[in-house]
Amino acid sequence: MTLSILTAFWAVSFLFVITPGVDWAYAISAGTRGKVVIPAVVGLLIGHFIATLIVAAGIGALVVNNPMAVTVIVFIGAMYLIWIGINLITKPSTPSASEGQNSDCWLTWLTKGTCVSGLNPKVFLLFLALLPQFTDPAASWSISIQIIALGLIHIFSSAIVYLLVGFGSQAVLQSRPLAAQVVSKVSGSLMIIIAFLLLSEQFFTG
């Protein structure tokens with residue numbers, strides 16, 4: 001793989017990363033909770049890595065060519081986003097110094113983050129459409145290894161942006177509990193809206 005290909009991919013990937021979406025909403029909601037930004041972001045990155053491995057293994061093409069499989073993935077992902085969104089709306093975050101200290105809370109946020117990105121069909125379909133375009137069949141690395149390398153570049157960019165978003169929201173909202181609750185409700189609403197957009201898109205295209 002040449003440096004020009006890697007640079008071009010990074011530029012395209014970074015544009016997707018800085019576009020607000022479900023991952024941003026989740027990172028912001030973690031920021032309103034206090035000290036769970038890192039496990040939340042790590043969870044998001046694990047979800048991206050899982051999607052990368054699926055595409056690299058060639059399973060992605062099989063799934064996309066099976067309309068029923070795509071429908072199931074979209075439905076499960078949308079339902080999970082709705083569930084997360086409802087919880088953020090009904091139980092809005094109130095920052096506190098002690099919140100997020102115990103390991104169970106960290107594990108919960110990490111797991112949720114993995115599911116938020118791992119069950120997001122947009123992430124999976126984006127990787128399937130984007131990663132193979134920047135591979136080189138004549139390169140010494142196999143296509144699968146190239147896809148994993150590109151996925152890691154995307155994950156690195158995502159880590160920087162999501163940490164900035166999460167810690168930025170924490171710094172801004174830590175001393176503003178009322179604002180934190182409003183942001184938590186907005187983040188939850190965005191997740192629900194995106195979930196219904198995914199379902200409606202699948203319904204109309206199906």
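This is a predicted model: local features need pLDDT of at least 70, side-chain atom pairs count only at pLDDT 80 or more; totals for chains, interfaces and linings use all residues.
Which residues in α2 meet which residues in α3?

## Where α2 meets α3

On the α2 side, the residues are D23, Y26, A30 and G31, and on the α3 side they meet V37, A40, L44 and H48. Sort the residues of this contact by type and you get five nonpolar, two polar and one charged.

How do the two helices sit against each other? Two packed helices are described by the angle between their axes and the distance between the axes. Here α2 covers residues 22-33, and its axis comes within 8 Å of the axis of α3, with a crossing at roughly 160°. An angle over 145 degrees counts as roughly antiparallel, so that is the label for α2 and α3. As for handedness, the crossing of α2 and α3 is right-handed.

## Y26 and the largest core

Besides its part in the meeting of α2 with α3, Y26 is one of the residues with the most contacts inside the largest nonpolar core, along with L45, W109, V116, Y162 and M191. Setting aside neighbours within four places in sequence, Y26 is in contact with A40, L44, W109, K112, G113, V116 and M191.

That core has 28 residues. The elements giving it two or more residues are α2, α3, α5 (67-90), α6, α8 (143-173) and α9 (177-205). The largest share, six residues, comes from α5.

Is T52 buried or exposed? Its relative accessibility is 0%, so T52 counts as buried. Leaving out residues up to four places away in sequence, T52 touches F127, L131, I147, I148, G151 and I155.

## G118, in α6

Now over to α6, the helix made of residues 103-118, where G118 is found. With 36% relative accessibility, G118 counts as partly exposed, whereas T52, at 0%, counts as buried.

Conventions. Residues are numbered from 1 along each chain as its sequence is written. Side-chain values use heavy atoms; hydrogens and water are left out. Buried means under 20% relative accessible area, exposed over 50%, partly exposed in between (1.4 Å probe, protein chains only). Contact means heavy atoms within 4.5 Å. Axes are lines fitted to C-alpha atoms, for helices over the stretch in contact, and angles run from 0 to 180 degrees between N-to-C directions. Helices (H or I, at least four residues) and strands (E, at least two) are DSSP runs, numbered from the N terminus. Angles under 35 degrees count as roughly parallel, over 145 as roughly antiparallel, 65 to 115 as roughly perpendicular and the rest as oblique. A crossing is left-handed if the near helix is turned anticlockwise from the far one by less than a right angle, and right-handed if clockwise. Ala, Val, Leu, Ile, Met, Phe, Trp, Tyr, Cys and Pro count as nonpolar, Asp, Glu, Lys and Arg as charged, and the others, Gly among them, as polar. A nonpolar core is a set of buried Ala, Val, Leu, Ile, Met, Phe, Trp, Tyr and Cys residues joined through side-chain atoms within 4.5 Å.
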